[in-house]
Amino acid sequence: MAELHLEEMSSQYFDVLKEIGNIGAGNATTALSQLLNEKVDMKVPQVKVLDFDEVGASIGGEELVMAGIYLMVEGDITGSIMFLCEERAAHSLVARLMGMEDDGSGQFDEIQLSALKEIGNIITGAYLNALSMLTNMKIYPSVPDVSIDMAGAILSVPAIEFGAVGDKILLIQTQFSDDVAIDGYFILVPDLESHDKIMRSLGM
Amino acid sequence: MGEIIKVGMADLKICVSPNAVTTLGLGSCVGIAIRDPKTGIGGLAHVMLPDSTQIKDNKNIPKFADTGIEELVKQIVAAGASKTRLVAKIAGGAQMFAFQSNNALVRVGERNVAASKKKLQELHIPLLAEDTGENYGRTVVFYPESGDFIIRSVGKPEKVI
């Protein structure tokens, strides 16, 4: 079925994406815990299919300043993946990774941005591993890039990719917590053929 | 002070002064503000993609620069504005991530801006000002009465074009 739309996505396929989200977020939590050398808990992820105009509100407003780490995906499936968290949480993660005091504000310097990219790399990598293992497909992420900006502006990038094929966006929300709760969001945008491949590889 | 009407992503709204229209966090999308200075009737479209003819599933009119601008003009004129007096300003079309260029959606921000300008030209609507490109998001507010197009970005002073 080449004509897949998120609107018409079968509940079975939706469950699969949800389950990949669960496993991926679990992997990401373990990775994060190892990276920070701290215990990190995770709540059950929520998978949502949203209209474009609902996305901003569902993550706390279009103007909320967030850190978005974005990677292109190649291999058996092609597309992109993004990890998003609030700027505040990004500062906290970076400070702990680097063993520094969290000043909790201000600009990220080059080294901090680089650390943030690495966090995004590891978290999205863990997620993609889950997808790769479940589907038995090769998935190669590109080097990450990061943007600290308004949620709406960052989200416009995956939204436009979804927009080329439909009017909805698939968002996986995961809450990590240790000292502070961190709301993290994954957005995976496989292209149409990749949806097809994912389903076929799972025998659907 | 009037009311400020919110325009979502892939959406358009018209308003009459003293009301204003706003859209939050424009990234690679483009905000097209059009008004008739005499009547104070105007509107704002938040488009995501340049060209509806390149996309199979193109029923969502405000999603595309070509159909979105056409529809915005239609609604503004239907509200009582004169088509010959219309003027436009645009903002957005940023490239949020550096490596987007190897994507199938090559430089979509830039293409959104180009497509918006092309459509405005086709409709003979003068483009008075723009704040486009770069790599940051923009929140915009448009006042059809004065034509002020206010642009806010993270860590930058407010701009009026």
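Biologist: Which residue is the bridge partner of Asp11(B) in β5(B)?

Modeller: Please bear in mind that this is a predicted model. In β5(B), Asp11(B) has His46(B) as its bridge partner. The two strands concerned, β2 (residues 11-16) and β5 (residues 41-47) of chain B, pair in the antiparallel sense over 6 bridges.

Biologist: And is β2(B) mostly covered or mostly open?

Modeller: Strand β2(B) is mostly covered, with 5 of its 6 residues buried.

Biologist: What covers the buried residues of α1(B)?

Modeller: The cover includes β2, β4 (30-36), β5 and α2 (108-122), each of chain B. The buried residues of α1(B) are Ala65(B), Asp66(B), Thr67(B), Gly68(B), Ile69(B), Leu72(B), Val73(B) and Ile76(B).

Biologist: What span should that helix have, and what does the model give?

Modeller: Helix α1(B), residues 65-78, has 14 residues, so at 1.5 Å a residue it should span 20 Å; its end C-alpha atoms are 20 Å apart, which agrees. Just after the helix, Gly80(B) takes a positive phi of about 120 degrees.

Biologist: Turning to the open sheet in chain B, in what order do its strands run?

Modeller: The order is β1-β3-β8-β9-β10, giving 5 strands with mixed pairing. At the edges are β1 (4-6) and β10 (159-160) of chain B, each of which pairs on one side only.

Biologist: How does β8(B) pair with β3(B)?

Modeller: Strand β8 (residues 138-142) and strand β3 (residues 20-26) of chain B are antiparallel, with 4 bridges. Within this pair, Thr22(B) stands opposite Val141(B).

Biologist: What about β8(B) and β9(B)?

Modeller: That pairing is also in the antiparallel sense and has 4 bridges, β9(B) being residues 149-152. Val140(B) has Ile151(B) as its bridge partner there. The two strands form a hairpin with 6 residues between them, and Gly147(B) in the turn has a positive phi of about 85 degrees.

Biologist: Which way do the residues of β8(B) point?

Modeller: Arg138(B), Val140(B) and Phe142(B) point one way, while Thr139(B) and Val141(B) point the other way; all are buried. In a regular strand the side chains alternate between the two faces of the sheet.

Biologist: What is Phe142(B) in contact with, its sequence neighbours aside?

Modeller: Leaving out neighbours within four places in sequence, Phe142(B) is in contact with Ala20(B), Val21(B), Ala33(B), Gly42(B), Leu44(B) and Phe149(B). Phe142(B) also belongs to the largest nonpolar core, which has 100 residues; together with Ala159(A), Ile32(B) and Val47(B), Phe142(B) touches the most other members.

Biologist: Which element gives the largest share of that core?

Modeller: Helix α5 (residues 151-163) of chain A does, with 8 residues. In general, nonpolar side chains of soluble globular proteins tend to be buried together.

Biologist: How many residues are in contact between the two chains?

Modeller: 27 residues of chain A are in contact with 29 residues of chain B. On the side of chain A, α2 (52-58), β3 (65-75), β6 (145-150) and α5 are the elements that give two or more residues. The largest share, 10 residues, comes from α5(A). By class, this side of chain A has 13 nonpolar, 7 polar and 7 charged residues.

Biologist: Where does α5(A) bend?

Modeller: The bend is at Val157(A) and amounts to about 35 degrees; a proline, Pro158(A), follows within four residues. The end C-alpha atoms of α5(A) are 17 Å apart, in agreement with the 18 Å that its 13 residues should span at 1.5 Å a residue. As for cover, 13 of the 13 residues of α5(A) are buried.

Biologist: Elsewhere in chain A, why does Met100(A) count as exposed?

Modeller: Met100(A) counts as exposed because it has 12 C-beta neighbours inside 10 Å, and the cut-off for exposed is 12 or fewer. Met100(A) lies in the loop between α3 (87-98) and α4 (110-135) of chain A.

Biologist: How far does α4(A) reach?

Modeller: The 26 residues of α4(A) reach 37 Å from the first C-alpha to the last, close to the 38 Å expected at 1.5 Å a residue. Its buried residues include Ala115(A), Leu116(A), Ile119(A) and Ile123(A). Just after α4(A), Asn136(A) takes a positive phi of about 60 degrees.

Methods:
Residues are numbered from 1 along each chain as its sequence is written. Chains are lettered from A and ligands numbered from 1 in the order in which they are written. This is a predicted model: local features need pLDDT of at least 70, side-chain atom pairs count only at pLDDT 80 or more; totals for chains, interfaces and linings use all residues. A nonpolar core is a set of buried Ala, Val, Leu, Ile, Met, Phe, Trp, Tyr and Cys residues joined through C-beta atoms within 7 Å. A residue is buried if 20 or more other C-beta atoms lie within 10 Å of its own, exposed if 12 or fewer, and partly exposed in between; C-beta atoms are placed from the backbone. Two residues are in contact if their C-beta atoms, placed from the backbone, lie within 7 Å. Ala, Val, Leu, Ile, Met, Phe, Trp, Tyr, Cys and Pro count as nonpolar, Asp, Glu, Lys and Arg as charged, and the others, Gly among them, as polar. The expected span of a helix is 1.5 Å times one less than its number of residues. The bend at a residue is the angle between axes fitted to the seven residues ending there and the seven starting there. Two strands pair if DSSP finds at least two bridges between them.
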